[in-house]
Amino acid sequence: MAPERPRLRPVEAFPIEHEGRRFLALRDPSGLAERTLLVAAEAAGLLVRLDGRHTLDDLVSAHFRDTGVLLARHEVERFVEMLDREHFLDSPAAARRRALLTEAYRAAPHRPAAHAGISYPADPEHLASHLAALERATHADVAAPDGGGELIAIVAPHIDLRVGAATYVPAYRALAAAGGADVAVVLGVGHMGIPGLFAAGT
């Protein structure tokens, strides 16, 4: 059953052409919704009104004002139900799926490398040789700390290895030369629609 005042979760939407027709592709970078959905470009007005304030009847009226096409209420209901079934709505169904995924993540014996095979090789031996090649290819001198004192901290950007080797290599060369670190602070980047202002981890 479609929620009466549906709310779309923070997801990506971008235009795409498929078989000569224009669509909006909906993708959830958080992974809660597994599939990328293609919806008709004419549905853009419906999507932007999925804010938890507009009712299904409001959506019918707004679509008619926007496009001149009068949808039946059951058509809007089916559209909203489809979004909910695929976990694109902020709804009890999405909350249940999030809880299941969170439980599985916490119970996992290790944290899988999310970008293995994409940003870097998945095979450990290939990864080692890949990192060694990046090290050899990056000709960046490591400056000694000012005044010759000990290294207190480094700041290294978080970016895809495919484009970030020029910043990673000199930073971690300096760290290796100093004998490593006792504490690492990871500042998260809000790629996935975090609910607050900041995402941080240690």
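## Overall burial and makeup

Of the 202 residues in the protein chain, 25% count as buried (under 20% relative accessible area; exposed is over 50%, partly exposed in between; 1.4 Å probe, protein chains only). This is a predicted model: local features need pLDDT of at least 70, side-chain atom pairs count only at pLDDT 80 or more, and totals for chains, interfaces and linings use all residues. Residues are numbered from 1 along each chain as its sequence is written, and side-chain values use heavy atoms, leaving out hydrogens and water.

The chain holds six helices and five strands (DSSP runs numbered from the N terminus: helices H or I, at least four residues; strands E, at least two). From the N terminus, the order is β-β-β-α-α-α-α-α-α-β-β.

Strands β1 (residues 12-18) and β2 (residues 21-27) run antiparallel, joined by seven bridges. Pairing requires at least two DSSP bridges between two strands. A13 sits opposite L26 of β2. Two residues separate the strands of this hairpin. E19, in the turn, has a positive phi of about 55°.

## A nonpolar surface patch

V183, V185 and L187 make up a nonpolar surface patch, with about 340 Å² of accessible area together (Shrake-Rupley method, 1.4 Å probe; for residues, only the protein chains shown count as cover). Patch residues have over 30% relative accessible area and no salt bridge; nonpolar side chains (Val, Leu, Ile, Met, Phe, Trp, Tyr) are joined within 5 Å, like charges within 9 Å. A salt bridge puts a Lys or Arg side-chain nitrogen within 4 Å of an Asp or Glu carboxyl oxygen.

V183 lies in the loop between α6 (161-177) and β4 (186-187). V183 counts as exposed because its relative accessibility is 64%.
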